[in-house]
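Please examine the sequence and the structure shown below.

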Amino acid sequence: MQAVFDGHNDVLLRLWQHARGGTDPIAEFIEGTDKGHIDVPRARAGGLAGGLCAIYIPSGDLVLRTPDRNGHYVTPLSEPLDRLPSLVTAIELADIAMRLDRAGAWRLCRSTGEIRRAMADGIFAAVLHMEGCEAIGPDLAALETFHAAGLRSLGPVWSRHNVFGHGVPFAYPSSPDTGPGLTEAGFELVRACNRLGILIDLAHITERGFWDVAETTDQPLVASHSNAHVLTPVARNLTDRQLDAIRESRGLVGLNYATTMLRADGQENAATPLSDMVRHVDYMVERVGIDCVALGSDFDGATIPEEIADAAGNQKLVAALRSAGYGDGELTRICRENWLRVLGEAWHEAA
Ligand SMILES: [Zn+2]
């Protein structure tokens with residue numbers, strides 16, 4: 001079994017939503033459930049040893065548009081969120097992350113050494129990520145507090161606009177060049193992340209925003225859960241030029257398991273074969289090299305292929321990649337070592 005450190009999941013959102021319905025989120029994670037994708041029993045079964053766990057503020061108005069008869073769709077961007085309710089939700093999600101740590105259900109990690117120790121101990125290695133920084137505030141007034149709480153990765157925007165920049169809509173077919181990039185506050189956020197050692201994630205940002213970050217940051221360029229636009233031309237996927245920039249910076253792209261981002265037709269359809277996942281990995285490895293491709297499942301955040309089904313099915317992808325010709329050394333890099341390398345660099349760890 002290849003231990004996987006995965007670049008993106010929304011398990012905290014699922015646990016938070018269930019907690020609001022009266023479920024104990026800690027027990028749900030430890031004991032397991034048939035809902036969603038990640039908990040301790042299923043992570044163990046699938047060799048999911050850890051990953052970046054998102055603090056994400058849901059948009060109540062997000063309903064994916066039904067495709068027209070040509071299979072095309074454009075879901076309008078969700079409305080911008082107000083700061084204070086976003087801050088409350090973000091704190092509650094971070095609180096669940098800390099309670100899981102205190103209960104020994106997972107370990108909240110702040111260094112690659114801690115990630116490696118947790119994985120060696122057989123405890124899920126969680127790294128706190130923020131997907132859209134509505135909770136931070138334009139003056140970055142909450143950034144240090146979240147950093148102190150363990151935040152080590154953030155995407156300035158989700159697929160909506162905020163004070164830091166602009167996100168891409170869920171649209172097929174669509175270029176990722178859908179609007180402006182970073183705001184002045186967004187540039188400040190990038191510089192602050194460089195200083196503090198917080199990874200900047202380029203998933204969900206417009207192409208203009210991608211280049212704005214690329215020109216400003218001193219980190220490798222990372223898109224935690226995105227695929228190849230040439231194979232699936234949705235706005236969320238990366239053009240060849242973006243992939244080339246990732247390669248030049250020795251950054252990383254994490255394979256997103258969302259069927260809308262894997263299938264040639266861009267549809268949400270669980271009957272998506274593993275071959276579509278392999279096709280994206282093959283293309284991205286060809287384009288950026290074996291050291292810059294990793295996994296970014298979007299577990300608990302997307303409709304994924306039914307053959308994978310949930311975290312327990314993660315090794316089916318590994319097996320499919322092995323059948324496609326990837327050896328142990330290559331699989332090790334894709335499954336965890338590439339992530340550990342870029343995190344160590346963004347976190348200012350000595351090489
Ligand atoms: Zn996402």
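In this predicted model, valine 4 stands opposite leucine 48, a residue of strand E2. Strand E1, comprising residues 4-9, runs parallel to E2, and four bridges join the two. Strand E2 also pairs with strand E5, residues 125-131, in the parallel sense, here over six bridges. Within this second pairing, glycine 51 stands opposite alanine 126 of E5.

How many of the eight residues of strand E2 are buried? Eight of the eight are buried, and the strand, which spans residues 48-55, is accordingly described as mostly covered. In a regular strand, side chains alternate between the two faces of the sheet.

Aspartate 310 is placed between strand E11 (293-295) and helix H12 (314-323). Is aspartate 310 buried or exposed? Its relative accessible area is 16%, and because buried means under 20%, aspartate 310 counts as buried. Beyond its neighbours within four places in sequence, aspartate 310 is in contact with Gly36, His37, Arg42, Phe299 and Ile304.

Helix H12 itself contains arginine 322. With a relative accessible area of 39%, arginine 322 is partly exposed. When residues up to four places away in sequence are not counted, arginine 322 touches Gln2, Asp328 and Leu331. Glutamate 188 is 134 residues from arginine 322 in sequence, and the two are 43 Å apart in space, C-alpha to C-alpha.

Terms used:
Residues numbered from 1 in each chain as written. Predicted model: local features only at pLDDT ≥ 70, side-chain atom pairs only at ≥ 80, totals over all residues. Heavy atoms only, no water. Buried < 20%, exposed > 50% of the residue type's maximum accessible area, 1.4 Å probe, protein only. Pairing = 2+ DSSP bridges. Contact = heavy atoms within 4.5 Å.
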